[in-house]
Amino acid sequence: MSDDPSRKTALARVGSTLVGKWHVDRLLDVGGMAAVFVATHRNGKRVAIKLLHAEFAQNEDVRARFLREGYVANKVGHPGAVEVLDDDTLDDGGVFLVMELLEGESLDARLRRAGVLTPVECFFLADRLLDVLAAAHQKQIVHRDIKPANVFITQAGEIKLLDFGLARVREATVDAKTRDGIVLGTAAYMPPEQARAKTDLVDARSDLWAVGALMFTALSNHYVHDAPTAIDRMVATMKRPARSVTTVVPTLPAAAVQVIDTALRFEKDQRYPNAGAMQLETRRVFAELARAQGPMVQMTAAATRVGVIERAPAESSPLARSLAVALDGLDASLESLAIEVAIESEPPPVSQRPTMADPVAVAALVANEPKAAPAPRPTTAVKAPVAPPRPRPTTKK
Ligand SMILES: Nc1ncnc2c1ncn2[C@@H]1O[C@H](COP(=O)(O)OP(=O)(O)OP(=O)(O)O)[C@@H](O)[C@H]1O
Ligand SMILES: [Mg+2]
C-alpha cells in the first residue's frame, strides 16, 4: 500500500515541528494518499496527524476536498467514527488533519499478524462496524472505503472506523488524473456500482457490500474475486456476482454464510436494505456461533457481562452494550448459571480481562482456555442480578 518515495519523504518529517506546534514523534504508516504520524502538541497532547502526499497537495481541488471531507467523521456522531480535531496547511503547501490518536492495531495489521478471524470474532467485529455505519447512514453519510486498513481495533476493545470522507478525496485525485490506479488500492472491497464508477448509484448498501467483502476476507484470507491483479479483481467485480463465502470457508454455518452472501449480492436491492437490518442478522449469528461453541463460551461471555455490569453501566460502553445484546440470544438457563458462577467468583484483574480489553479476543480466550475460571470471591461485591434470570429485551436495532 505504501511506496518507497512516499515513505522516505514521510520519514524525513520525523523530528520536525509542523506549523510551530506539532512535534512529529514517529511515522505510523504510509497509505495510498497520506502518511500518518504520531505527533505531540506543544501543550503535551498526543495525536495522529494525517499528511496528504505532496503530489496530491499540489492539486487545489484535492487539497480543498481533503480539508473539507476530513470533518465528515465528526458529523457521524458515533464514538466509532474517529474524531478529526484540527487541520492546517504547511508553508510548502502540504495539508494535514489532526485526529485522535488510536492505540491498538488496524484490522489489516491484525490479519497480517495473526491470520484470519474466527467466525465469532468476525461477527462481533461486523456488529460494531455496522453500528457506526447505521449512525452514519442515518445522516446520509456513506463511507465508500470500508476495508481492513480503515478498521481499527483499539486496546480498549473498541472498533473504530477511519477515513470517513476520504473516498471523495480519492475520487478527486482520479478526476485530476494525478495518479493512475489510485482507485485500485481498495478494489477488493469495492462494490460493483463503485467499481463501475457509477458514483450516483453508490448508497448505504454499497457500504454493506464492502462489509460483506471485509468479512469474507477476514474469515478466509481470500478476496471475493479470485484474480491475479487488482485490475482483474476490479473487472471481475464489475461483471460477476460474488462467489459464496462457503466456497472458501466450507465449515461456516449456513446462517453466517447467509449474512455475508446477502451483503455481497450484485444487485443493490437484493442486499440488506440498511445497516440496521444487516446488524440484526449479524448479532443473531454471533449469538448462534457462541452457542455452537459450547457452554463454556456462553458462560465466559455471560461472566464477562457480569464484569461489565460491575465495572461500568452497559450504556457507557458500546462494547458492553453490544455484548449484552448479543448475549440476549443465548439460553437463559446457561446464562443464569454463568451469572451464578461469576457471582461466586472474583473477576480477574482488569488488565487480564481480554474479554473487555479486546473484543476480538473473546472467542480466542474461550476457545483456547476452556477451563479458565475466575478465582473465588465474596458474593457481596457483585451487583448483577442473581435469580431468577432477568427477562431479556428482544434484540433491537
Ligand atoms: N488516528 C489514528 N490513530 C492511530 N493510527 C492510525 C490513525 N489513522 C490511521 N492510522 C494508521 O495508519 C494506517 C494508514 O492509514 P491511511 O489511511 O493513511 O492508509 P490506508 O488506509 O492504508 O490507505 P488509504 O490511503 O487508501 O486510506 C492505518 O491503517 C492505521 O493503522
Ligand atoms: Mg485509511
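What order do the strands have in the open sheet of three strands, and with what pairing?

Author: The model is a predicted one. In the open sheet of three strands, the order is 7-8-9 and the pairing is antiparallel. Strand 7 (104–106) and strand 9 (159–161) stand at the edges. Each of these two has a single partner strand, so one side of each is left without a neighbour in the sheet. From one strand to the next, the twist averages 25 degrees.

As background, strands of a sheet pair through backbone hydrogen bonds, and the pairing is either parallel or antiparallel.

Next come the helices that go with this sheet. Helix 5 (residues 107–114) packs on the sheet and touches strand 7 and strand 8. The direction of helix 5 makes about 90 degrees with that of strand 7. Helix 6 lies across strand 8 and strand 9, and runs at about 45 degrees to strand 9.

Helix 6 also has a helix for a partner. In general, two packed helices are described by the angle between their axes and the distance between the axes. For helix 6 (residues 119–138) and helix 9 (residues 204–220), the axes come within 11 Å and cross at roughly 165 degrees. That angle makes helix 6 roughly antiparallel to helix 9, since angles over 145 degrees count as roughly antiparallel. The crossing of helix 6 and helix 9 is right-handed. On the side of helix 6, the contact is made by P119, C122, A126, L129, L130, L133 and H137. Helix 9 contributes A204, D207, V211, M215, A218 and L219. Sorted by class, the contact holds eleven nonpolar residues, one polar residue and one charged residue.

Six strands form an open sheet in the order 1-2-3-4-6-5, with antiparallel pairing. Its edge strands are strand 1 and strand 5 (84–89), and each of them pairs on one side only.

Strand 1 (residues 17–18) and strand 2 (residues 22–30) pair over two bridges in the antiparallel sense, and the bridge partner of T17 is H23 in strand 2. Three residues lie between these strands in their hairpin, where V19 takes a positive phi near 40 degrees.

Strand 2 then pairs with strand 3 (residues 34–41), again in the antiparallel sense, over seven bridges. In this pair L27 stands opposite F37 of strand 3. Strand 2 and strand 3 form a hairpin, with three residues between them. G32 sits in the loop between strand 2 and strand 3. G32 has 21 other C-beta atoms within 10 Å, so it counts as buried, the cut-off being 20 or more. G32 and H53 are 21 residues apart in sequence, with 8.3 Å from C-alpha to C-alpha.

Helix 3 (residues 60–69) lies across strand 4 (46–52), strand 5 and strand 6 (95–100), and runs at about 15 degrees to strand 6.

Technical notes: Residues are numbered from 1 along each chain as its sequence is written. Chains are lettered from A and ligands numbered from 1 in the order in which they are written. This is a predicted model: local features need pLDDT of at least 70, side-chain atom pairs count only at pLDDT 80 or more; totals for chains, interfaces and linings use all residues. Two strands pair if DSSP finds at least two bridges between them. Helices (H or I, at least four residues) and strands (E, at least two) are DSSP runs, numbered from the N terminus. Axes are lines fitted to C-alpha atoms, for helices over the stretch in contact, and angles run from 0 to 180 degrees between N-to-C directions. Angles under 35 degrees count as roughly parallel, over 145 as roughly antiparallel, 65 to 115 as roughly perpendicular and the rest as oblique. A crossing is left-handed if the near helix is turned anticlockwise from the far one by less than a right angle, and right-handed if clockwise. Two residues are in contact if their C-beta atoms, placed from the backbone, lie within 7 Å. Ala, Val, Leu, Ile, Met, Phe, Trp, Tyr, Cys and Pro count as nonpolar, Asp, Glu, Lys and Arg as charged, and the others, Gly among them, as polar. A residue is buried if 20 or more other C-beta atoms lie within 10 Å of its own, exposed if 12 or fewer, and partly exposed in between; C-beta atoms are placed from the backbone.
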